Amino acid sequence: MRDLVEIGMGRTAMRGYDLEDIEIVPSRRTRSSQDVSLAWQIDAYRFDIPLVTHPTDAVVSPATAIRVGELGGLGVLNAEGLWARHSNVEERLLEVVRTAEENEDPGAAISLLQELHAAPIRHDLLVQSIKEIKDSGVTVAARVSPQHAEELTPDLLAAGVEVLMVQGTIVSAEHVARDGEPLNLKRFIADLDVPVIAGGVGDYRTAMHLMRTGAAGVIVGFGQSRSATTTQVLGIGVPMATAIADAAAARRDYLDETGGRYVHVLADGALSYSGDIAKAIACGADAVMLGEALTEAEEAPGQGYYWTAAAAHPSLPRSEIVGFTGAGADLETLLFGPSSDPFGTVNLFGGLRRSMAKTGYSELKEFQKVGLTLRR
């Protein structure tokens, strides 16, 4: 029975827990970190680490998507971002960064970003970016919004996209609209030959609904970070530990319902440290989506600044542009070390590997069974 708390006369709220509210409990067994595998597979695509990038221009360019793939993760390009709208993206990003640096008003850089995203999507630029990733030999993934999925997907598939992500702040299997025909996610997925990852979600019911559409993976969360302002703007928040556990429960029940179809759970948000990654997997995630944690990589196109795709919404932006200073490491060091940082912002997957070793687990699926305790 879900824990309900009375917040006033006749009104209750479900109790939820963030990742910072829980801790991993070591068992009586430990093992060498060299015996730990971080391998993860979705559909026919296998990866050395359970990393999927949050699809933001601040972190993912065609070049960084390639580099992430070479390092064993999955880089996801935003098919509605600047690489699909402008031929001189590096110059445009430099304008955004300079505006953020030189103006005390945070709205100035957001206004510029909105202006840049007002340019139409150029299918030739989008195809060129996808083909650049494809030609490198890594797995090709791209993100589309539910609003533009049907329009953009044919070109993306023709260019070589192998994993498609349909992502918004909140994505449901049932969208009600007075005007126009909403995306029928079940029909849309059934017509495709590539695995589709969809989300975000924040509860059991929505996760189950998305699984029943045929999605290969479900995203939990909406990229909560220092830059995300969804809670302030919409009043919507996702306690990530609870949300991941709920989605994992939906995955288990759906597995029983279908007689063996496994849908992957991807955690997206509140993942700043290697310990957060470990706790997300421990709560039931199969992989994590990192955005802000990769900001300071030397290869990041945002040059130390971070924002989510929601920053460019034309009328209701839900992300500010935040600058980070600190590690300044290359992407490989950020993911695998070595590190002199004692807080878990560098050697992110080395931290996950060590956490699994300290608790006696050698594979990610086993680690989902590790003991947890509440801090409060």
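## Helix pair H2 and H3

H2 passes H3 in a right-handed crossing (the near helix is turned clockwise from the far one by less than a right angle). The contact (heavy atoms within 4.5 Å) involves Arg-92, Glu-95, Val-96, Thr-99 and Ala-100 of H2, and Ala-108, Ala-109, Leu-112, Leu-113 and Leu-116 of H3. H2 spans residues 89–102 and H3 residues 106–117; their axes come within 8 Å and cross at roughly 160 degrees. H2 is therefore roughly antiparallel to H3 (angles over 145 degrees count as such).

## Basis of the model

This is a predicted model: local features need pLDDT of at least 70 and side-chain atom pairs pLDDT 80 or more, while totals for chains, interfaces and linings use all residues. Residues are numbered from 1 along each chain as its sequence is written, and side-chain values use heavy atoms, without hydrogens and water.

## Nonpolar core

The largest nonpolar core holds 121 residues. Leu-156, Leu-290, Phe-349, Leu-352 and Phe-367 have the most contacts inside this core. Such a core joins buried Ala, Val, Leu, Ile, Met, Phe, Trp, Tyr and Cys residues through side-chain atoms within 4.5 Å; buried means under 20% relative accessible area (1.4 Å probe, protein chains only).

Beyond its neighbours within four places in sequence, Leu-156 touches Ala-79, Leu-126, Ile-130, Ala-142, Val-144, Val-161 and Leu-164.

## Helix H9

H9 (residues 240–258) is a DSSP run of H or I, at least four residues, with 19 residues. H9 reaches 26 Å from its first C-alpha to its last, close to the expected 27 Å (1.5 Å times one less than its number of residues). Gly-259 follows, with a positive phi near 75 degrees.

Buried residues of H9 include Met-240, Ile-244, Asp-246, Arg-251 and Tyr-254. The buried residues of H9 pack against elements including strand E11 (217–224), helix H10 (274–283) and helix H13 (364–367).

Key:
Buried < 20%, exposed > 50% of the residue type's maximum accessible area, 1.4 Å probe, protein only. Helix = DSSP H or I, 4+ residues; strand = E, 2+ residues; numbered from the N terminus. Axes fitted to C-alpha atoms, helices over the stretch in contact; angles between N-to-C directions. Parallel < 35°, antiparallel > 145°, perpendicular 65-115°, else oblique.
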